[in-house]
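Keep the structure in view as you read.

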Amino acid sequence: MSTLFNFARPPFDRLGDEARERLSRHLSLCYFRAGDLLLKEGDEPPGLYLIIKGAVEESAPHHQFGDYGVDDLFDVRAQFDGRCRHRFTALEDSLCQLIPRHTFLALCEQDPQFASYFTANLAERQQQQEQREQLGQKNLAEFILTRIELGHLQPPLIVDSKLSLLAATEAMVNKGTDCLLYPAHDGSLTLATRKTLLHALTLKGLPLTAPLSVLTPTPLIGLPLESYLFDALLLMTRHRIKRLVVWRGNEVAGILQLTQVLGLFSTHSHVLTLRIARADSLPALEAVAREQQQLTRSLFAQGIHTAFLMKLIATINEQLIAKAFALVISPEVQDNVCLLMLGSEGRGEQILKTDQDNALILPEGLTWPTQAADLAEFSALLERLGYPLCPGQVMVNNPAWVKTGSEWQQAIASACTTAKEDELLWLATLADAHPIAGDRQLHLPVARALREQLADRRDLLAEMVRPAVAFHAPLTLFGRLEQPPEGLDLKRGGLFPLVHGIRMLAIEGGIMETSTLGRIDALVAAERLSADYGSNLAEAFRLFIRLRLRSQLKGGNSRVQTQDLSHSERDLLRQALHQVKKFQQWLTLHFRLRQ
């Protein structure tokens, strides 16, 4: 009988030889004709059924919950409850294996991780799947989950601000470090490096006896001890710096050097961002842009977590676009305007390059004679860098997406008043705006105005959220994955309902965060979503992103072929899509949508 059982199927793949032998010894084979009743409400289940051939429907009076096909297990919940809640009927002639309940529960008691596979929620199941995929691999994922420890840090050198530049240099040499900390005029600590002191002596002509207090204070950028090393790399990448201050409470635990991080993380992502920063011509920037997709492929192949991958690539995207802006727009203009990214770029969820989505906020009274030509050149440059022109013209080369701050606020108020369909879409698009270059403070009043205008307009929010419930999840009538020959469109049936629904909940709550995962965290913190519900929605989002990205990198097609998925992945995907379906139902009730 053991030859019939597939022990490669999770979680049975984790069973030892003794447990496998016990299961095989008690396993039996059952045959049911179409229409046979296998279990009914109140029955004590004989055990756990695994379908080898055929299909079984789970139902209650006047309600169908779903159906089960080949390789599916049922009724898992009844094994732990001791009683069936629903009835199970063979839809066609079916052949099943039966694991007796006492054998199944004994295996669960013997191995809690085996049991957790059946009792875990979506977030926990996804974590277990990732652990299985990484088992035995010493890859990038280990770095991603490594936290900053004292052993990674250089001990801090903290001196008095009255110390002379000569004495400060001698102190660094004696300590064997390349930087020190000293109190600024306001009492907060500031950082000085060997380069800082060298410039002070050679470029500014300060005497060796000058105190540290005459130097221009440098704001500290840092993280708490026990933060992820990946987050340290992300900060260094974003700010183009080589060291971070690491805090333990209110005290400095030490200095984290870029060399220490790169010693553990050899993906060349920081090298790429340094090349972006140093690019002084369009050809140089184009050369860097061509390497970006290869970095994505490398990171994905090494098993990097989806959320981390999005953060890193979003940071590189942001710097690439900001550098393009700096190459085209004159310094006196770019420092006074605010460049916004919209759509997936604004949410920090663009892993592979997609259509341009951007806008611009102008200061009042700006004189910019070459504005139209400069912005057209910027959009053309982004196209050369691999960002296609937006078919909907949501770009700065379209005057409709270039306004002063007051004009943006007036347009928001007008859209909320007339509330046409295209205006509601415009408001939703603007809600994802994220500033990446220029005077970023110009964006804050606009973002606040949008949320304040919409927060109390439940009628508008209800109309705006309607597209999130318009597309059905790609599940059959009986709750199984659809099998279209062209593959599953997870963007339409999974990602969009999640992203847009979460966006609207965030707007309703006045939340300023723009990323989907960040919005979920903020909604949970504000108690607008439960922690478990938020965790499951977040994991469904990550799963959709990961499966689509793998399909895109493999064959350039964003649709996902179910036959290319493992059994565990199909199981997780079905569970994630059910989460989306329930979320759509909840949105309908929450916003009181009329059908």
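Glu 58 stands opposite Gly 66 in β5. Ala 60 stands opposite His 63 in that strand. What joins strand β4 to β5? The link is made of 5 bridges, and the two strands run antiparallel. Strand β4 covers residues 56-60. β4 and β5 form a hairpin with 2 residues between the strands. His 62 of this hairpin takes a positive phi near 65°. Remember that the model is predicted.

**The antiparallel sheet**

β4 and β5 belong to an open sheet of 4 strands. Its order is β2-β7-β4-β5, and the pairing is antiparallel. Which strands stand at the edges? They are β2 (37-39) and β5 (63-68). Each has a single partner strand, so one side of each is left without a neighbour in the sheet. On average, neighbouring strands here are turned by 30° against each other, direction ignored.

**The mixed sheet**

Another open sheet has 4 strands in the order β16-β15-β14-β17. Its pairing is mixed. The edge strands are β16 (402-404) and β17 (434-438), and each of them pairs on one side only. The twist from one strand to the next averages 30°.

Look now at β15, residues 358-362. How many bridges join β15 to β16? There are 3, and these two strands run parallel. Leu 360 has Val 402 in β16 as its bridge partner.

A helix packs on this sheet: α16, residues 371-384. Helix α16 touches β14 (338-341), β15 and β16. The direction of α16 makes about 150° with that of β15.

**Two helix pairs**

Two packed helices are described by the angle between their axes and the distance between the axes. Here are two pairs to compare.

| Helix pair | Axes come within | Crossing angle |
|---|---|---|
| α13 (residues 306-328) and α16 | 10 Å | roughly 140° |
| α1 (residues 17-26) and α3 (residues 101-110) | 10 Å | roughly 170° |

Take α13 and α16 to begin with. Their axes cross at roughly 140°, and the two helices are therefore oblique to each other. The crossing is right-handed. From α13, the contact is made by Ile 321, Ala 324, Phe 325 and Val 328. From α16 come Asp 374, Glu 377, Phe 378, Leu 381 and Leu 382. By class, the residues of this contact divide into 7 nonpolar, no polar and 2 charged.

Now take α1 and α3. How do they lie to each other, roughly parallel or roughly antiparallel? Their axes cross at roughly 170°, and α1 and α3 are therefore roughly antiparallel. In α1, the residues that meet α3 are Ala 19, Arg 22, Leu 23 and His 26. In α3, their counterparts are His 102, Thr 103, Ala 106, Leu 107 and Gln 110. The contact of α1 with α3 has 4 nonpolar, 4 polar and 1 charged residues.

**The domains**

Last, step back to the whole chain. The domain assignment of the protein gives domain 1 (12-119), domain 2 (148-263), domain 3 (310-444) and domain 4 (458-591). How many Å separate the centres of domain 2 and domain 4? Taken over C-alpha atoms, these centres are separated by 44 Å.

Terms used: Residues are numbered from 1 along each chain as its sequence is written. This is a predicted model: local features need pLDDT of at least 70, side-chain atom pairs count only at pLDDT 80 or more; totals for chains, interfaces and linings use all residues. Side-chain values use heavy atoms; hydrogens and water are left out. Two strands pair if DSSP finds at least two bridges between them. Axes are lines fitted to C-alpha atoms, for helices over the stretch in contact, and angles run from 0 to 180 degrees between N-to-C directions. Contact means heavy atoms within 4.5 Å. Angles under 35 degrees count as roughly parallel, over 145 as roughly antiparallel, 65 to 115 as roughly perpendicular and the rest as oblique. A crossing is left-handed if the near helix is turned anticlockwise from the far one by less than a right angle, and right-handed if clockwise. Ala, Val, Leu, Ile, Met, Phe, Trp, Tyr, Cys and Pro count as nonpolar, Asp, Glu, Lys and Arg as charged, and the others, Gly among them, as polar. Domain bounds come from an automatic or database domain assignment.
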